[in-house]
Amino acid sequence: MAESWATFGRDLHLDLTGSGGVRAALTRALREAVRTGRLAPGTRLPSSRSLAADLALARNTVADAYGDLVAEGWLTARQGSGTRVAHRTVPRPGAVRAAPPEQDRRPAHDLRVGTADVSAFPRSAWLAAGRRAISTAPNDAFGYPDPCGHPALRAALADYLARARGVRTDPARIVVCAGFMQGLAVLGRVLRARGVRELGVESYGLWLHRDVLRRAGLRTVPLTVDGHGARTEELAGHRGVRAALLTPAHQYPTGASLHPDRRAAVVDWASRTGALILEDDYDGEFRYDRQPVGALQGLDPEHVVYFGTASKSLAPALRLAWMVLPGQLAAEVAEVKAAGEWGTGALEQLTLAEFIVSGAYDRHVRAMRLRYRRRRDRLVAALADRAPHIRATGIAAGLHAVLELPPGTEQSIVQAARWQGLALDGLTRFRAPDAPTPHYDALVIGYGTPPDHAFGSALEALLGVLP
Ligand SMILES: Cc1ncc(COP(=O)(O)O)c(C=O)c1O
């Protein structure tokens with residue numbers, strides 16, 4: 001007999017092939033499902049009548065198979081509670097050789113950069129926004145979405161970005177993407193199609209982003225980074241470079257904010273040469289010591305593509321980010337995005353729109369800003385007290401700090417930390433291999449990463465490995 005499906009409240013695949021007749025095949029298939037844990041202990045099986053109907057068998061065949069399995073102890077049959085899977089220890093499939101669960105592989109302390117404190121994700125407020133958004137959405141919100149983003153989210157973002165980051169835009173120029181990574185990949189392809197071959201990058205940055213650009217066919221040209229951010233004046237010396245990826249508000253990962261003269265100079269370079277600046281504003285909301293530095297895009301919306309993301313402000317799992325495009329690029333980006341790069345589900349976009357419009361996003365960002373600032377202050381105070389020879393830089397903003405180390409010590413400290421169960425990164429990891437910038441030894445400390453309750457012990461572990 002061919003394979004068939006039975007309905008147990010959940011679908012269960014039963015393979016009724018094999019020798020010995022239908023009753024034997026069904027008995028074998030059910031036994032197998034119980035033995036391997038596909039049917040969990042306590043699960044109530046359908047009545048013999050309805051399973052027989054589902055499988056197009058005679059009722060007696062099913063009743064006999066049940067009877068066999070009750071006799072063998074795999075099932076129990078009680079008056080009033082039907083036929084159920086017996087409570088016995090059933091090995092889960094692959095249990096013996098399974099990889100250790102995720103939490104067992106996690107380091108005891110995690111101070112790596114790259115993620116927000118995801119334990120603080122505003123679950124209830126997010127669910128409430130989702131409930132409101134989804135219950136009031138028109139039916140067509142459940143159809144294929146606009147690949148450039150849901151209009152409600154684009155409108156909410158246009159207002160929010162103008163108010164909070166000084167971005168000059170309207171919803172038609174906003175494209176929602178599945179994380180900054182997707183936006184960068186799309187833009188890389190658009191640039192390449194326009195004939196751009198070389199793109200300036202900061203000599204410290206995320207290797208993943210350089211890879212994305214390279215995969216789009218662009219050569220990355222590293223710019224020196226110092227205490228005032230990227231030396232944007234170097235761009236004029238590279239005639240082939242027609243675009244630059246920068247993190248102006250908080251250089252990643254050294255933490256400098258781009259000096260006002262360099263901001264003005266890079267915008268001037270772009271408008272003089274027709275080049276494009278890609279502004280990665282990954283943690284622009286988190287500035288502690290003074291008002292956030294406004295977006296570079298506000299200086300010249302026709303030559304700057306602004307990128308924002310929910311990965312730091314909410315959680316990377318959302319895969320929600322946005323780019324604000326110059327008018328001249330909007331159509332080309334829309335075309336690439338529509339050609340198979342859709343990415344983000346409309347219901348999550350609607351939820352974020354509602355989250356922003358209701359004020360929950362602002363409230364969450366303010367609460368997180370306070371939480372991260374407290375941690376930063378604890379880190380700085382602990383260093384002053386117990387490791388006063390270590391200087392912390394890049395601390396005015398963001399979720400991480402750079403701790404400068406004595407020359408030649410970075411690798412051994414990263415290794416020693418690993419042995420102690422403390423995960424952290426050295427600055428070398430972020431350096432472009434062809435970087436002109438003279439390197440210095442340092443740790444990049446993601447103080448935003450651990451949950452609140454684990455921050456104190458992570459800090460202690462860090463202090464324990466510092467020279
Ligand atoms: C420098 C930088 N830019 C952008 C992002 C955001 O990337 P995504 O939106 O793909 O999560 C990150 C990661 O959080 C980052 O470190």
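View 1. A residue counts as near a molecule or strand if its C-beta atom, placed from the backbone, lies within 6 Å of it. Here 14 residues surround the ligand, and the closest are Gly-179, Phe-180, Tyr-282, Thr-309 and Ser-311. Two elements, α7 and α10 (310-313), each give two or more residues to this shell, with α7 supplying the largest share at three residues. (Helices, H or I and at least four residues, and strands, E and at least two, are DSSP runs numbered from the N terminus.) By type, the shell divides into seven nonpolar, five polar and two charged residues; Ala, Val, Leu, Ile, Met, Phe, Trp, Tyr, Cys and Pro count as nonpolar, Asp, Glu, Lys and Arg as charged, and the others, Gly among them, as polar.

Before moving on, a word about the model. It is a predicted one, where local features need pLDDT of at least 70, side-chain atom pairs count only at pLDDT 80 or more, and totals for chains, interfaces and linings use all residues. Residue numbers start from 1 along each chain as its sequence is written.

View 2. Along the principal axes, the C-alpha atoms of the chain fill a box of roughly 85 × 55 × 40 Å. The chain has 15 helices and 19 strands.

View 3. Zoom in on Ile-445: beyond its neighbours within four places in sequence, it contacts Leu-111, Leu-379, His-400, Ala-401, Leu-403, Leu-424 and Leu-462 (in contact means C-beta atoms, placed from the backbone, within 7 Å).

View 4. Ala-116 sits in the loop between β5 (109-110) and α5 (123-136). Is Ala-116 buried or exposed? Ala-116 is buried, since 22 other C-beta atoms lie within 10 Å; the cut-offs are 20 or more for buried, 12 or fewer for exposed, and partly exposed in between, with C-beta atoms placed from the backbone. Ala-116 and Met-368 are 252 residues apart in sequence, yet 9.4 Å apart in space, C-alpha to C-alpha.

View 5. Most residues other than glycine have a negative phi, and most peptide bonds are trans. Ala-56, though not a glycine, has a positive phi of about 55°; it lies in the loop between α2 (48-55) and α3 (59-72). The peptide bond from Tyr-252 to Pro-253 is cis, with omega near 0°.

**View 6. Where to be careful.** The mean pLDDT (the predictor's confidence in each residue, from 0 to 100) of the chain is 91, with 94% of residues reaching 70 or more. Over residues 1-5, though, pLDDT is below 50, and it stays under 50 over residues 90-97. Where pLDDT is low, the predicted coordinates should not be read in detail.

Conventions:
Two residues are in contact if their C-beta atoms, placed from the backbone, lie within 7 Å.
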